[in-house]
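Thank you all for coming.

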Amino acid sequence: MQAFSLKDIIYPVFLKEGSGVKEEIRSMPGLYRFSSDEFLKEAEAIAASGVKSILVFGSSSKKNSFGTFAYSEENPVNITVKTLKKNHSELTVMTDVCLCAYTDHGHCGILKDGTKPEMDQGKTLNALAKTAVSHARAGADCVSPSAMVKGQVGAVREALDKEGFSHTRLMAYSAKFASSFYGPFRRAADSAPKKGDRSGYQLDFRDTEKALARVESDIKEGADIVMVKPALAYLDVIKEVKEKFNIKLAAYNVSGEYSMVKNGARAGLWEEWKMIDEIFAGIKRAGADILITYHALGIAKRIHE
Ligand code: PBG
């Protein structure tokens with residue numbers, strides 16, 4: 001079996017505040033950023049396409065050093081998920097739980113005072129837990145902590161259980177490497193760090209040992225699904241996680257991987273669908289059970305043709 005079926009594919013989508021907004025994301029050809037009202041129309045098309053799961057990312061101009069808008073009821077993610085689950089209960093709605101789109105410094109958590117961008121673990125865990133609970137309250141089926149602060153899975157799981165959301169599932173960004181492949185995404189989500197980079201909390205791309213240790217601790221802390229991200233330069237990590245752990249494994253074919261394929265195809269360097277088939281066969285062969293990809297709608301369309 002060298003192909004993912006539609007039920008194993010997750011489509012990441014980008015929301016922003018306001019109304020009547022559907023703007024093309026220039027760094028990611030063919031994708032859009034939606035306000036809640038426009039996204040609800042798009043959701044019709046997604047549901048009709050046969051794609052079963054979406055991973056929702058928010059963005060906002062309401063930023064401060066603590067990222068408090070992440071867990072506001074007025075947050076575009078919370079507003080949208082609430083209506084979405086009423087209209088499209090058939091869609092599995094997953095949400096990214098991170099502060100980077102809501103902090104004025106652009107880092108994924110709350111920072112300690114100081115010159116180096118270093119996270120305050122306690123404060124960050126607290127804010128992530130609140131964010132996850134707000135998503136669960138809006139109706140998210142699965143939350144996905146991605147700030148890469150230690151203990152994020154346990155803190156989020158505990159808060160969900162305490163607030164009566166023990167049925168809400170948890171997908172952990174376990175092996176998330178500090179990667180150049182996230183470039184196009186950061187423009188899409190307006191979440192690039194203003195100063196410094198994320199190497200203080202994301203994993204060193206050379207360090208498989210640490211990635212495996214993170215997978216192990218995330219499983220102990222209660223993850224239902226673990227993730228390797230990006231996918232292509234980390235096929236060996238996917239394979240190793242699959243061999244060592246008995247848990248659902250997701251691979252995230254990230255923005256840079258998507259835009260390379262798109263831009264290459266537009267420049268006439270290759271045929272887009274041949275390239276995508278080859279890449280996805282590789283990710284499947286390495287052992288991923290689930291694929292998170294921006295190509296999801298295109299795949300659905302092709303399956304039905
Ligand atoms: C937020 C987050 C990022 C991605 C997913 N969640 C960006 C980052 O860590 O800077 C990247 C996704 C992609 O590139 O497609 N923490």
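Let me begin with the term cavity: on a 1 Å grid over the protein atoms alone, a cavity is a set of points where a 1.4 Å probe fits but cannot get out, while a pocket is an open set with protein on both sides within 12 Å along at least five of seven lines, and lining residues have an atom within 4 Å of a point. Grid points are joined across faces, edges and corners, and a volume is the space filled by probe spheres set on the points. What you see is a predicted model, in which local features need pLDDT of at least 70 and side-chain atom pairs count only at pLDDT 80 or more, whereas totals for chains, interfaces and linings use all residues. Residues are numbered from 1 along each chain as its sequence is written, and side-chain values use heavy atoms, with hydrogens and water left out.

How many cavities of 30 Å³ or more are there by this rule? The count comes to 1, and the volume of the largest cavity is about 270 Å³. Its lining is made up of 27 residues, with Phe57, Asp96, Cys100, Ser146 and Phe185 nearest the centre. Two or more of these lining residues come from each of β4 (53-57), α3 (121-138), β7 and α5, where helices (H or I, at least four residues) and strands (E, at least two) are DSSP runs numbered from the N terminus. The largest share, 3 residues, belongs to α5.

Turning to individual atoms, an oxygen atom of the ligand lies 2.5 Å from a polar side-chain atom of tyrosine 294, and a ligand nitrogen is 2.9 Å from an N or O atom in the side chain of lysine 176. The protein covers 100% of the 400 Å² of accessible area that the ligand has on its own, by the Shrake-Rupley method with a 1.4 Å probe.

Now to the open spaces. The largest pocket has a volume of about 370 Å³, and of its 19 lining residues Met148, Ser199, Gly200, Tyr201 and Gln202 are closest to the centre. Its lining divides into 6 nonpolar, 4 polar and 9 charged residues.

I will finish with the backbone. Most residues other than glycine have a negative phi, and most peptide bonds are trans. Methionine 148, in the loop between β6 (142-145) and α4 (152-162), has a positive phi near 70°. The peptide bond from lysine 229 to proline 230 is cis, with omega near -10°, and proline 230 sits in the loop between β8 (225-229) and α7 (235-244).

Note on methods. A polar contact is a pair of N or O atoms within 3.5 Å; within protein, one must be able to donate a hydrogen and the other to accept it, and residues adjacent in sequence count only if both atoms are side-chain atoms. Ala, Val, Leu, Ile, Met, Phe, Trp, Tyr, Cys and Pro count as nonpolar, Asp, Glu, Lys and Arg as charged, and the others, Gly among them, as polar.
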